[in-house]
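Subject: Structure handover

Hello,

Here is the structure I said I would pass on. The sequence and the model come first, and my notes follow.

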Amino acid sequence: MAASSLVGCSLLLTACAGTLRASWPALSPFNWFGSSLNVSEQGIGKINNRTDMTQSAIDKGLEGKYRLRSGMEMQDGKLVSIVQGMEDGQVKLEFHGLVNGKINRIDVLDDEVKTVWGTKIGTPFSALYNQAFGKCQRSQNVTVQPVVVCAAPQSLHVSYVFTGDWNGPEGLMPSDDVLKDWKVSRIIWKS
């Protein structure tokens with residue numbers, strides 16, 4: 001009886017394995033919870049400054065996690081290609097680089113993607129810095145909301161964009177007291 005149960009169970013497993021339409025890596029418990037992408041000194045996941053600025057190269061590096069769309073714009077007199085990683089109709093990642101070149105900037109807006117140091121969208125300023133002096137600067141871009149950009153303490157290539165409430169004079173840096181409650185709204189990697 002035990003032998004017939006073992007054979008039956010074996011046949012059931014064989015039949016199930018033959019009809020499974022998921023990839024084996026996707027079944028790994030490490031991939032069950034959240035994103036496996038991390039921002040590091042080198043880039044994001046398998047994407048870095050050696051990755052071609054093409055939709056196919058980016059899709060391969062992201063392992064198909066996002067729906068991609070692309071466009072171009074002029075920056076400092078040069079034609080720049082931009083590829084956006086979309087999920088549920090929202091931009092989650094942006095890749096920038098010269099047309100026919102390599103990736104030179106990655107913007108992360110996905111709150112499921114962390115840095116290798118644990119920082120993610122929503123991390124408060126006070127969790128990373130005691131003061132802004134020497135580490136942060138007010139963005140010169142005209143935006144609806146004030147923006148402060150700070151170099152990541154652990155990296156020469158990663159910066160954090162902080163946003164929050166402030167009613168001070170336009171163009172001036174908010175005080176550390178105000179910044180402590182601001183949150184990371186974007187993580188930027190530059191080559």
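**Notes on the model**

Asp88 is found in the loop that lies between S5 and S6. Its phi is near 55 degrees, which is a positive value in a residue other than glycine. Asp88 has 78% relative accessibility and therefore counts as exposed. A second residue can be described in like terms: Asn100, in the loop between S6 and S7. Phi of Asn100 is near 65 degrees, again positive in a residue other than glycine. With a relative accessibility of 78%, over the 50% cut-off, Asn100 also counts as exposed.

Please keep in mind that this is a predicted model. The mean pLDDT of the protein is 83, and 80% of the residues reach 70 or more. Residues 2-35 have pLDDT below 50, and this stretch makes 11 contacts in the model beyond near neighbours in sequence.

Now the overall content. The protein has 3 helices and 12 strands. Of its 191 residues, 34% are buried. Taking contacts between residues at least 6 apart in sequence, 50% of them join residues at least 24 apart.

**The sheet**

In what order do the 8 strands of the open sheet run? The order is S4-S5-S6-S7-S12-S11-S10-S9, with antiparallel pairing. Strand S4 (67-75) and strand S9 (136-138) are the edge strands, each pairing on one side only. From one strand to the next, the twist averages 20 degrees. Helix H2 (residues 55-62) packs on this sheet and touches S4, strand S5 (78-87), strand S6 (90-98) and strand S7 (103-108). The direction of H2 makes about 130 degrees with that of S4.

- S9 is joined to strand S10 (residues 147-151) by 3 bridges, and the two run antiparallel. Here Gln137 stands opposite Val149 in S10.
- S10 and S11 are antiparallel and share 5 bridges. A hairpin of 6 residues joins S10 to S11, and Val148 stands opposite Phe162 in S11.
- Strand S11 (residues 158-163) pairs with strand S12 (residues 183-190) in the antiparallel sense over 6 bridges. In this pair Tyr160 stands opposite Ile187 in S12.

As background, side chains in a regular strand alternate between the two faces of the sheet.

**Aromatic rings**

The structure holds 3 aromatic pairs. One of them is formed by Tyr129 and Phe162, with 6.0 Å centre to centre and 80 degrees between the planes, and it is edge-to-face. Why does this pair tie together parts that are apart in sequence? Tyr129 lies in the loop between strand S8 (114-115) and S9, while Phe162 is in strand S11, so the pair links parts 33 residues apart in sequence. Tyr129 and Phe162 are both buried.

The charged end of Lys65 sits over the ring of Tyr66, at 5.1 Å from its centre.

Regards

Notes. Residues numbered from 1 in each chain as written. Heavy atoms only, no water. Pairing = 2+ DSSP bridges. Helix = DSSP H or I, 4+ residues; strand = E, 2+ residues; numbered from the N terminus. Axes fitted to C-alpha atoms, helices over the stretch in contact; angles between N-to-C directions. Contact = heavy atoms within 4.5 Å. Phe/Tyr/Trp six-rings, centres within 6.5 Å; stacked < 30°, edge-to-face > 60°. Buried < 20%, exposed > 50% of the residue type's maximum accessible area, 1.4 Å probe, protein only. Lys NZ or Arg CZ within 6 Å of the ring centre and 35° of its normal. pLDDT = per-residue confidence, 0-100.
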